[in-house]
Amino acid sequence: MPTVEELYRNYGILADATEQVGQIRRQAIKELPQFATGENLPRVADILTQLLQTDDSAEFNLVNNALLSIFKMDAKGTLGGLFSQILQGEDIVRERAIKFLSTKLKTLPDEVLTKEVEELILTESKKVLEDVTGEEFVLFMKILSGLKSLQTVSGRQQLVELVAEQADLEQTFNPSDPDCVDRLLQCTRQAVPLFSKNVHSTRFVTYFCEQVLPNLGTLTTPVEGLDIQLEVLKLLAEMSSFCGDMEKLETNLRKLFDKLLEYMPLPPEEAENGENAGNEEPKLQFSYVECLLYSFHQLGRKLPDFLTAKLNAEKLKDFKIRLQYFARGLQVYIRQLRLALQGKTGEALKTEENKIKVVALKITNNINVLIKDLFHIPPSYKSTVTLSWKPVQKVEIGQKRASEDTTSGSPPKKSSAGPKRDARQIYNPPSGKYSSNLGNFNYEQRGAFRGSRGGRGWGTRGNRSRGRLY
């Protein structure tokens with residue numbers, strides 16, 4: 001049996017040998033780009049891509065540098081090696097090759113990323129997108145949306161069509177299938193920043209009105225604490241600003257109107273003594289109403305006589321009663337919020353409770369502006385508001401400043417990355433005449449995605465599932 005001294009001596013020899021092997025590997029990686037000439041370059045790129053699976057940080061950095069080095073020699077050949085492994089390699093190699101493209105492409109100069117090279121990236125990416133997870137899809141959208149050739153209107157339109165294909169908008173929506181709901185939400189989140197006055201959201205808005213809104217109450221999600229209905233309504237509201245000509249506008253506007261009515265209750269009946277006949281008054285769900293009212297206001301501009309010509313007199317009267325009841329509670333709520341925030345500045349407004357109150361005030365102000373528009377005779381669709389979760393647009397010097405109820409200008413510009421999702425917070429209105437009627441205020445910021453959850457993917461490679469990302 002070996003002594004302790006012998007064991008230590010043998011361990012030292014083994015450690016030295018391992019270190020020598022590591023040094024040899026690192027030196028070989030450094031020298032690999034020297035062999036990347038002519039027909040050898042794609043093969044070298046393939047080898048280097050496989051080496052991305054190393055867990056040695058020094059080695060990993062050397063592989064990244066070597067890949068960048070040969071990228072500058074021959075971008076097309078290097079892409080051939082990278083995409084070969086993305087399509088056919090092991091999962092860990094595929095994952096790291098995609099992340100390499102998503103982080104390193106933007107660092108390359110224009111003379112390397114030529115129009116032809118960008119076209120190759122788009123072509124190869126489309127092949128990969130035939131079978132991806134949510135996380136991989138997000139990374140590829142980051143890669144493609146950063147390409148110079150896709151910054152044009154036609155380029156953005158190409159990306160929207162690509163996202164629409166991923167979203168399966170030709171298929172019937174299944175609200176009880178979490179994967180189906182997840183796919184639609186993730187794809188829509190990627191599409192929203194691409195929409196503009198020239199790149200329309202019509203196809204997505206139509207799908208939401210026809211397929212999603214009628215099933216809003218039965219949507220399923222495996223994410224604990226996620227208000228999936230509010231998430232859907234926020235996306236619809238953001239897209240509605242950029243909707244173009246819609247084939248079945250009146251039909252879809254009616255579906256949107258009917259869904260809005262569900263969240264705008266009639267006032268409770270009064271007993272002979274003037275008190276409420278029922279046990280309690282209905283709760284007013286401000287976050288839902290902001291989204292639905294905004295969407296209706298945006299699409300209503302395209303059919304301004306909908307409320308007066310397309311609805312019968314009884315239906316219009318019913319709607320105005322609901323608006324009036326909602327507006328009455330809204331005014332009291334706004335006064336209570338302003339009173340609670342009065343005199344608070346700086347650090348005082350940064351507390352969690354006051355942050356929620358500030359957002360609550362934005363929501364209620366927005367609803368108030370939109371309701372005032374609809375009370376005009378005939379109803380008006382001229383006011384503009386910024387959705388409560390979007391950044392407020394700056395007002396230029398000399399431009400007429402909007403009141404605190406409104407924000408001027410065209411629809412807000414889309415940011416490339418949304419804020420991280422906060423945990424859902426609940427604000428209880430202060431006590432007062434309408435406090436028992438207003439219920440809880442739900443506020444949730446919309447972010448792009450949250451952490452990864454394995455077990456369910458958009459597609460599979462062999463029998464291996466790829467996972468979902470939120």
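C209 is buried, at 0% relative accessibility. Buried here means under 20% relative accessible area, exposed over 50%, and partly exposed in between, with a 1.4 Å probe and protein chains only. The closest cysteine sulfur to that of C209 belongs to C243, 7.6 Å away, which is too far for a bond. C243 is also buried, at 6% relative accessibility. The structure holds zero disulfides, a disulfide being a pair of cysteine sulfur atoms within 2.5 Å.

The model is predicted: local features need pLDDT of at least 70, side-chain atom pairs count only at pLDDT 80 or more, and totals for chains, interfaces and linings use all residues. Residues are numbered from 1 along each chain as its sequence is written, and side-chain values use heavy atoms, with hydrogens and water left out.

The pLDDT is the predictor's confidence in each residue, from 0 to 100. Its mean for the protein is 81, and 77% of the residues reach 70 or more. Over residues 1–17 the pLDDT stays under 50. The model has one contact beyond four places in sequence for that stretch, where contact means heavy atoms within 4.5 Å. Residues 459–470 also have pLDDT below 50. This second stretch has 56 contacts in the model beyond near neighbours in sequence. Where pLDDT is low, the predicted coordinates should not be read in detail.

The protein has 470 residues, of which 48% count as buried. It contains 17 helices and six strands. These are DSSP runs, numbered from the N terminus: helices are H or I with at least four residues, and strands are E with at least two. Among contacts with a separation of 6 or more, 72% join residues 24 or more positions apart. The accessible surface comes to about 24,200 Å², and 49% of it belongs to carbon and sulfur atoms. Accessible areas come from the Shrake-Rupley method with a 1.4 Å probe; for residues, only the protein chains shown count as cover.

Helix 4 covers residues 75–88. Its 14 residues should span 20 Å at 1.5 Å a residue, and its end C-alpha atoms are 20 Å apart, which agrees. The expected span is 1.5 Å times one less than the number of residues. D74 caps the N-terminal end of helix 4. A side-chain oxygen of D74 lies 3.3 Å from the backbone nitrogen of K76. A polar contact is a pair of N or O atoms within 3.5 Å; within protein, one must be able to donate a hydrogen and the other to accept it, and residues adjacent in sequence count only if both atoms are side-chain atoms. Buried residues of helix 4 include G81, L82 and Q85. T49 lies in helix 2, residues 40–50, and is buried at 0% relative accessibility.

Helix 9 spans residues 178–191. It has 14 residues and reaches 20 Å from its first C-alpha to its last, close to the 20 Å expected. Because 11 of its 14 residues are buried, helix 9 is largely enclosed by the rest of the structure. The buried residues include D182, R183, R189 and C187. D177 caps the N-terminal end of this helix, with a side-chain oxygen 3.0 Å from the backbone nitrogen of D179. The loop between helix 8 (153–167) and helix 9 holds D168. D168 has a positive phi of about 60° although it is not a glycine. This residue is partly exposed, at 35% relative accessibility.

Two further pairs link positions separated in sequence. K234, in helix 11 (residues 228–240), is buried with a relative accessible area of 4%. K234 and S388 are 154 residues apart in sequence, yet 10.0 Å apart in space, C-alpha to C-alpha. D305 sits in the loop between helix 13 (286–300) and helix 14 (306–310). At 32% relative accessibility, D305 is partly exposed. D305 and P378 are 73 residues apart in sequence and 8.0 Å apart in space, C-alpha to C-alpha. P378 lies in the loop between helix 16 (352–375) and strand 1 (425–427). The peptide bond from I377 to P378 is cis, with omega near -5°.
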